[in-house]
Amino acid sequence: MDTKSITSIDRGVYDIRDSDNSRYRMKAGLDKEIVRRLSQEKNDPDWVRKLRERSLEIYNSMPLPSCGPELSGLDIDNISTYVRPKSDMKNSWEEVPDDIKETFERLGIPKAERQSLAGVGAQYDSELVYHNVRDSVSKQGVVYTDIESALRGEYADLIKEKFMKLVPPTDHKFAALHGAVWSGGSFVYVPRGVKLDIPLQSYFRLNAKGAGQFEHTLIIVEDDAYLHFIEGCSAPKYNVANLHAGCVELYVGRNSVLRYSTIENWSKNMYNLNTKRAVADEGGRVEWVSGSFGSHVSYLYPMTILKGRGSSMEFTGITFAGEGQNLDTGAKVVHAAPDTSSVINTRSISKDGGISTFRSAVVIQKNAENSRAGVSCDSLMLDDISRSDTIPAIETHTGKCAVGHEARIGRISDDDIFYLMSRGMSEEDARALIVSGFAQNVSKELPLEYAVEMNNLIRLEMKR
Amino acid sequence: MSEMTRKTVNRIPVPTWRFLNLNEAVAVIPELSRENSFIGMADEGTEKTVSFEPGDGERANIELTAEKGSKLTAYITLQSTAASAPDINIIVGEGAVMRVVFTAINSPVCVMTAKLGASVESKGTLEIEQFFADSKGSFIDENIALIGDDSRASLATSYLCEKGSELDLCLTVDHFGKRTESEITSSGALEDDSVKSFKGTIAFHRGSEGANGSEQENVLLLGDSAVNRTLPVLLCEEEDVIGTHGATVGDLSDDALFYFASRGITAAQARSMLKSSIVSSYLKTVENSALKERIAERTGVER
């Protein structure tokens with residue numbers, strides 16, 4: 001990796017590094033021995049061990065993706081796929097080691113938990129260090145736990161039935177990588193009829209240098225239920241590559257709603273090759289809210305399968321590609337039943353040589369009669385050294401459907417800047433305000449604290 | 001019987017996911033043994049109209065040049081039985097205007113691979129109006145480079161895809177010069193078992209300040225088993241540009257059908273009217289009466 005290309009503004013709390021005090025660090029690289037050692041370390045059930053082995057074979061046999069940013073700076077032989085922190089998982093912040101606790105304090109996680117969350121999972125490098133859920137939530141039958149405990153508990157069979165079925169290892173090379181070396185992550189189960197008014201959150205922090213994080217999130221929302229799940233992530237900046245190849249699988253029952261919000265703020269040495277997929281039953285609804293601000297390279301396309309009649313999906317996203325970043329993001333949706341609907345509404349911003357690509361696919365299958373889909377993507381270019389591409393695809397197999405798409409690309413209007421400056425704002429502040437307004441499609445969908453964080457991230461980028 | 005060859009054609013400038021089958025197309029086309037050439041040129045400052053129709057089953061190399069300040073109108077018509085392969089090269093000089101009316105009314109069993117490459121110099125204008133009747137396979141690959149400042153291009157495509165036909169449109173406009181303008185429009189109807197792919201790319205290259213490009217595709221789905229693929233792409237590495245694209249895909253809305261029914265027009269009649277309107281719009285751009293007749297006869301639409 002070209003270390004000269006790693007430039008970043010002072011990202012304050014996000015860039016504070018803890019000293020490397022891991023309990024165990026797997027040697028770099030990926031081979032059968034490493035996968036076997038990992039499985040031993042984690043005392044995997046037999047089916048998980050076999051899944052890892054099969055996934056490694058698939059990984060070795062698959063080519064790199066044929067489209068998207070180049071990955072030549074990512075060398076798996078230089079990535080440590082497992083770093084165990086010095087702390088086991090706790091359910092009280094007082095028991096978490098001071099330096100790790102302080103990291104999450106600076107990121108505002110314990111405070112958010114106290115003020116506005118139903119439960120929190122905090123992952124540090126390859127393992128969860130904290131997991132807790134409010135009693136009032138547990139009493140409703142909601143399960144929110146680390147996935148590795150859940151593999152051995154009451155929901156073991158359910159997890160085995162669902163795990164890596166929506167995103168099988170054969171899906172693409174990095175899904176296979178995930179299958180081989182996954183570690184950490186959360187399991188959420190919301191019983192029928194339970195509507196959780198306040199969100200659950202998972203936060204992922206990758207502190208180790210030259211390491212990977214491969215958490216797995218599995219959420220099952222039964223019929224007539226509601227859940228808002230928030231995911232946050234960050235890592236300090238290093239001059240070597242880090243890798244994130246997580247996986248999210250969401251099952252949404254009949255007439256249920258699952259909102260999945262993410263503010264991604266990995267450092268600009270990170271290769272973020274994440275896979276997220278949801279399936280919705282009859283009347284079910286999936287709402288994605290996605291803010292992508294970090295990473296050196298991103299491949300991120302949350303996908304929804306509208307399997308049940310009348311199911312729906314809404315995707316709202318913003319991507320900000322700054323110096324040294326190549327962010328390839330978007331969404332996919334498959335209408336696989338009648339009367340389904342989807343809306344994709346995204347914004348992207350490119351600055352200081354950043355490359356932002358919006359990539360989408362709307363597929364309407366033959367049996368998806370009376371389905372409706374709309375895609376809107378707006379791109380803002382902030383200078384003439386950056387790049388912005390939109391590559392939206394529509395595929396229909398039935399005559400009884402309606403799809404609309406629109407996209408625009410352009411720059412900040414000089415008239416808008418002049419107007420704000422005539423009201424006493426500096427040009428820098430005027431630009432930042434306009435860009436924040438451009439991102440409002442996402443910020444208004446987030447809880448206030450996260451909207452504030454997102455706007456702060458935008459301001460940080462604009463102040464370069 | 002001619003030997004069949006498999007050709008990979010219509011590669012898009014920036015690939016997308018393989019599962020969409022849009023990155024390229026495969027045409028299985030009979031070998032064409034006969035060649036024909038045509039040169040149409042308007043000298044500097046002059047006006048000229050030319051027309052050319054290759055023979056049935058001929059590979060055609062067509063050069064069209066409008067020199068500085070000239071005006072050239074070119075009618076290219078294809079009506080082949082089994083196979084057709086026109087290769088059209090266009091140069092539009094400084095301040096020149098070229099209009100190309102490209103009509104493909106091949107037989108329903110014909111396979112055509114058409115290539116078009118154009119460059120437009122400063123203040124030049126290129127207008128292409130084209131129509132593709134249904135055929136077993138039509139693979140159209142067109143690339144226009146707006147190399148001079150203030151150059152313009154418009155590419156208006158209409159088509160009818162009827163039972164079992166395949167149409168693959170790969171249209172690219174590259175903006176290199178400043179204040180260049182482009183417009184890509186595509187309208188058509190798909191009936192049962194037809195397959196259509198539209199891959200339109202507008203690329204704003206560095207230095208194309210003040211450029212403006214738009215793409216619009218409207219697809220009328222008239223058959224339950226028609227397959228439509230649409231990929232309107234915008235590529236941009238210049239700040240001071242405006243790029244827009246839009247697409248609508250679907251059948252007549254319930255409101256539209258109700259409106260027609262309230263006027264005594266059945267759904268089938270309404271769809272037939274819309275299909276006819278696609279051809280009629282194109283016929284307005286064709287000045288040649290004999291050609292109009294042939295198009296109307298081929299498509300079954302009244303003039």
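## Close-up views of cavities, pocket, salt bridges and surface

E19(A) makes the largest contribution to the lining of the largest cavity, with four residues. The views below all come from a predicted model.

**View 1. The largest cavity, lined by strands of chain A.** Five strands of chain A, E16 (285-292), E19 (312-321), E20 (326-335), E21 (341-350) and E22 (355-364), each give at least two residues to the lining. By class, 10 lining residues are polar, five are nonpolar and one is charged. In total, the structure holds eight cavities of 30 Å³ or more.

**View 2. The second largest cavity, with a volume of about 60 Å³.** What classes of residue make up its lining? The lining divides into four nonpolar, four polar and four charged residues. Strand E10 (226-234) and strand E13 (257-265) of chain A each supply at least two of the lining residues. The charged side of the list holds A:Glu215, A:Glu231, A:Glu264 and A:Lys276. Also in the lining are A:Phe204, A:Cys233, A:Trp266 and A:Leu300. A:His244, A:Thr262, A:Asn272 and A:Asn274 line this cavity too.

**View 3. The largest pocket, with residues of chains A and B closest to its centre.** The pocket holds about 490 Å³ of space. It is lined by 21 residues. Which of them lie closest to the centre? They are A:Pro65, A:Asp171, A:His172, A:Lys332 and B:Trp17. Helix H8 (173-181) and strand E15 (275-280) of chain A each supply at least two lining residues. E15(A) gives the most, with three residues. Of the lining residues, 11 are nonpolar, six charged and four polar.

**View 4. A buried salt-bridge pair, A:Glu148 and A:Lys42.** The closest N and O atoms of the two side chains are 3.0 Å apart. A:Glu148 lies in helix H6 (residues 147-150) of chain A, and A:Lys42 in the loop between helix H1 (32-41) and helix H2 (46-61), so the bridge ties together parts that are 106 residues apart in sequence. Over all chains, the count comes to 47 salt bridges.

**View 5. A:Arg411, with salt-bridge partners A:Asp414 and B:Glu239.** Side chains of opposite charge can pair when their charged atoms come close. In the pair with A:Asp414, the N to O distance is 3.3 Å. A:Asp414 is partly exposed, at 45% relative accessibility. A:Arg411 is partly exposed too, at 28%. In the pair with B:Glu239, the closest N and O atoms are 3.6 Å apart. This pair crosses between chains. B:Glu239 sits in the loop between strand E17 (227-236) and strand E18 (241-250) of chain B, and A:Arg411 in strand E25 (residues 401-411) of chain A. B:Glu239 is buried, with a relative accessible area of 15%.

**View 6. A salt-bridge network in chain A.** Which residues are joined by salt bridges that share partners? A:Arg259, A:Arg285, A:Glu287, A:Glu314, A:Lys444 and A:Glu445 form one network.

**View 7. A nonpolar surface patch on chain B.** The patch is formed by B:Met4, B:Val26 and B:Val28. Together they have about 210 Å² of accessible area. B:Val28 lies in strand E2 (residues 25-30) of chain B. Its relative accessible area is 36%, so B:Val28 counts as partly exposed.

**View 8. A:Asn370, in a loop of chain A.** The loop runs between E22 and strand E23 (371-381). A:Asn370 is partly exposed, at 41% relative accessibility. How far apart are A:Asn370 and A:Ser19, in sequence and in space? They are 351 residues apart in sequence and 57 Å apart in space, C-alpha to C-alpha.

How values were computed:
Residues numbered from 1 in each chain as written. Chains lettered and ligands numbered in written order. Predicted model: local features only at pLDDT ≥ 70, side-chain atom pairs only at ≥ 80, totals over all residues. Heavy atoms only, no water. 1 Å grid on protein atoms, 1.4 Å probe; cavity = no way out; pocket = protein on both sides within 12 Å on 5 of 7 lines; lining within 4 Å. Points joined across faces, edges and corners; volume = space filled by probe spheres on them. Patch = residues over 30% accessible without salt bridge, like charges linked within 9 Å, V, L, I, M, F, W, Y side chains within 5 Å. Areas by Shrake-Rupley, 256 points an atom, 1.4 Å probe, with all protein chains shown as cover. Salt bridge = Lys/Arg side-chain N within 4 Å of Asp/Glu carboxyl O. Buried < 20%, exposed > 50% of the residue type's maximum accessible area, 1.4 Å probe, protein only.
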